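The following exercises are to be worked with the sequence and the coordinates at hand. Each task is followed by a stepwise solution.

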Amino acid sequence: GSGGFWLAAAGLVVVWRRRLPGGVWRAGALGLMVADLFFFGMPLNPTTDARLYTPESPEAVTALRRTAGLGRAYVTEADYQESLDRYFDFHSFSPKGLKDLWQMREALAPNLATAERLYETYNYDPLHLARAHRLQETAEALGLPDRLLDIMGVRFLVTYQRNREDRKVWGESGPVTVYEREPGLPRAFVAPRAIRVSGEAAALAWVASPDFDPRSQVVLE
C-alpha cells in the first residue's frame, strides 16, 4: 500500500542525500511525491462517457418533468444507497458502464434529478445540509407522514420498492416505481402563528409531532 511505498521512498531519499547534490535529491523527492499523488488520486476522479448526456432524457423522465411542475421528488436514504450499490464500483470510485449510467438517469438517483430539471428534496451535491438531512431522517423514521412530506414540497416518491399500496402509482421509470401524492401545501405560503422553542432538537421534535399543523404554524428557535 501507500505506507510501504513511502518507506521505500524514505530509504531512497536517504541514499540520494548522501550521494547526490542537494538540488538533485530534492527534485527526485518531489518527483516521488507527485507520482504517488497521481496514482493514488487518479481513480478518485472518474470520468463519464459523454454519450450519457447526448440523447434526450429518458421518456419516462421527460413525462414526469411535464407533470411535476414545482413538485419535488423524494428518494429515501435506503433507495439512494441502492443506486450507489447498483451503478458504482467503489474500488475505483468509477461508474460501471454507459448502460448502467443510463439506468441511473431513469432511476432519478439523488443529485441527478436536478440535471433532468426536476426538483428534489435530497440536494444538488453529495454534501448533505445537516438540518435538512435530520428532517429527512425523522420523516423516514416516522414512515414518511404526509405532514412532513408537505413541508418538503414532495409530490413524487421514487423507490425501488413496489409495495406501497397506500400510495397512488404514477408510473415506472427504468428500475424504479414513481408514486404520486397531492401536496397539501404550496411551495411558499404564510403561516399565521409562530411557536417559539429553545434549540434545534426542540424545534425538530415539535415539527415531528402529530400536533404540529404546518398550514397554520411556524416553529422558531
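**Exercise 1. Determine how much space lies in the largest cavity and which residues line it.**

Step 1. The largest cavity holds about 40 Å³ of space, and the search of the whole structure finds 1 cavity of 30 Å³ or more. A cavity is a set of points on a 1 Å grid over the protein atoms alone where a 1.4 Å probe fits but cannot get out; lining residues have an atom within 4 Å of a point. Grid points are joined across faces, edges and corners, and the volume is the space filled by probe spheres set on the points.

Step 2. The model is predicted: local features need pLDDT of at least 70 and side-chain atom pairs count only at pLDDT 80 or more, whereas totals for chains, interfaces and linings use all residues. Residues are numbered from 1 along each chain as its sequence is written, and side-chain values use heavy atoms, with hydrogens and water left out.

Step 3. The lining consists of Val75, Asp79, Ser83, Ala107, Leu108, Ala109, Pro110, Val158, Thr159, Tyr160 and Val176.

Step 4. Sorted by class, the lining has 8 nonpolar, 2 polar and 1 charged residues. Here Ala, Val, Leu, Ile, Met, Phe, Trp, Tyr, Cys and Pro count as nonpolar, Asp, Glu, Lys and Arg as charged, and the others, Gly among them, as polar.

**Exercise 2. Decide whether Ser83 is buried or exposed, and list its contacts.**

Step 1. Ser83 belongs to helix α4.

Step 2. Its relative accessible area is 3%, so Ser83 is buried (buried means under 20%, exposed over 50%, partly exposed in between; 1.4 Å probe, protein chains only).

Step 3. Apart from neighbours within four places in sequence, Ser83 has contacts (heavy atoms within 4.5 Å) with Phe88, Ala109 and Tyr160.

**Exercise 3. Identify the residues that touch the most other members of the largest nonpolar core.**

Step 1. A nonpolar core is a set of buried Ala, Val, Leu, Ile, Met, Phe, Trp, Tyr and Cys residues joined through side-chain atoms within 4.5 Å.

Step 2. The largest such core has 19 residues, among which Leu64, Leu108, Leu118, Phe156 and Val158 touch the most other members. At least two of its residues come from each of α3 (59-68), α5, β5 and β7 (176-180), and α3 gives the most, with 3 residues.

Step 3. Beyond four places in sequence, Leu118 is in contact with Val61, Leu64, Arg65, Ala68, Leu108 and Ala113. A second, separate core of 16 residues includes Tyr74, Ala139, Leu144 and Val197.

**Exercise 4. Characterise Arg117 and Leu144, two residues with positive phi that are not glycine.**

Step 1. Most residues other than glycine have a negative phi.

Step 2. Arg117 has a phi of about 65° and lies in the loop between α5 (98-106) and β4 (119-120). Its relative accessibility is 61%, so Arg117 counts as exposed.

Step 3. Leu144 has a phi near 55° and sits in the loop between α6 (130-141) and α7 (146-151). Leu144 is buried, because its relative accessible area is 6%.

How values were computed. 1 Å grid on protein atoms, 1.4 Å probe; cavity = no way out; pocket = protein on both sides within 12 Å on 5 of 7 lines; lining within 4 Å. Helix = DSSP H or I, 4+ residues; strand = E, 2+ residues; numbered from the N terminus.
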